Amino acid sequence: MAMPKEQFFLILISFSSLIYPSQSRLSYNYYSKSCPNFNKIMQETVTSKQITSPSTAAGTLRLFFHDCLTNGCDASILISSTPFNSAERDADINLSLPGDAFDLVTRAKTALELSCPNTVSCADILATATRDLVTMVGGPFYNVLLGRKDYRISKSSYVEGNLPRPTMPMSKIISLFAAKGFGVQEMVALSGAHTIGFSHCKEFKSYLYNDTHYNQRFVQALRNACADYPKNPTLSVFNDIMTPNNFDNKYFDNLGKGLGLLESDHGLHNNPMTNPFVEIYAKDEKKFFQDFARAMEKLSVYGIKTGRRGEIRRRCDAIN
Ligand code: HEM
């Protein structure tokens, strides 16, 4: 017997809400009534912070990436450890996340709490700040859905295995992203984030002495720059030596010239699965920007919490 039309639509609706449970309450203008100055406050805070501390953009982009890949973009990375809980941000891979990025979120949260208390989540602040900063340093604009809630759980023990390390073989990095629903092309596009920011010598020092993929003059300069690293662990080098502060496609162009910094940067160029995308992005900045923007939009809603699965934290560094 044929199913009545109404019943069919009812089943369809409830089925589609099963597929997209976490995104169901998100929208682009989520705060238009509850916090009409949201965009303005974010823009002002982000601009003044980036002007006084130009490394904020890269630091925030990495902070956001690390938050999202570890159990979703839920601001769990912002929570401080307590005597009873070692939080995500204290996992060894997160210890180099810069204070300026955390400080930016605190500033935005303070300003937003004054204007519209208990309304804007730390997760939405981090997602929006990242987009605004990427655009500010020359990268593409993309839309950020809003309505994320902040997660109440943050554990350093959850981090291992969720974030890529520069010493991982490229096949392992590919499968790490694949396990989270990101294809090879998306992973390569996202890695274009290394067009800004820097890396500490610790992250590539040993690679400087057992690799042949580097440009010879570049590797010598890196060995000199990192010579004092055992005494001074803060020594670091720009990820994109050609245009370190501009978000552009130079990073991909560098890779083909032996001017990549991390072992994983070289890996992107040398691996047959990732190389075709490196070549495309090196030649076509427009295509890189399109793919990066799309992948960031996708990353921005990865594993997010809505409804009762999360809260609006009063302070971004502690659960309510
Ligand atoms: C593909 C695998 C990746 C590996 C192995 C990797 C690894 C690293 C490492 C080791 C650093 C240096 C951190 C430091 O010394 O402070 C770094 C920096 C950075 N990473 Fe990645 N990363 C990867 C992908 C990504 C992705 C997908 C993004 C963002 C979408 C990203 C954004 C950044 C940024 C912006 C910096 C500079 C941070 C700063 O200047 O403070 N990375 N990455």
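## Histidine 66

According to its unreviewed UniProt entry, the annotation "active site" covers His66; UniProt positions follow the numbering used here, feature names are shortened, and annotations may be inferred rather than shown by experiment. This is a predicted model, in which local features need pLDDT of at least 70, side-chain atom pairs count only at pLDDT 80 or more, and totals for chains, interfaces and linings use all residues. Residues are numbered from 1 along each chain as its sequence is written.

Histidine 66 lies in helix H3, residues 56-69 (helices, H or I with at least four residues, and strands, E with at least two, are DSSP runs numbered from the N terminus). Histidine 66 is buried because 20 other C-beta atoms lie within 10 Å (buried is 20 or more other C-beta atoms within 10 Å of the residue's own, exposed 12 or fewer, and partly exposed in between, with C-beta atoms placed from the backbone). Apart from neighbours within four places in sequence, histidine 66 is in contact with Ile77, Asn94, Leu97 and Leu163, contact being C-beta atoms, placed from the backbone, within 7 Å.

## Histidine 194

Histidine 194 counts as buried, with 25 C-beta neighbours inside 10 Å, and, not counting residues up to four places away in sequence, touches Asn239, Asp240, Tyr251 and Asp265.

## Lysine 298

Lysine 298 belongs to helix H12, residues 285-300, and counts as partly exposed, with 15 C-beta neighbours inside 10 Å. The C-alpha atom of lysine 298 is separated by 9.5 Å from that of glutamate 186, although the two residues are 112 residues apart along the chain.

Conventions: Contact = placed C-beta atoms within 7 Å.
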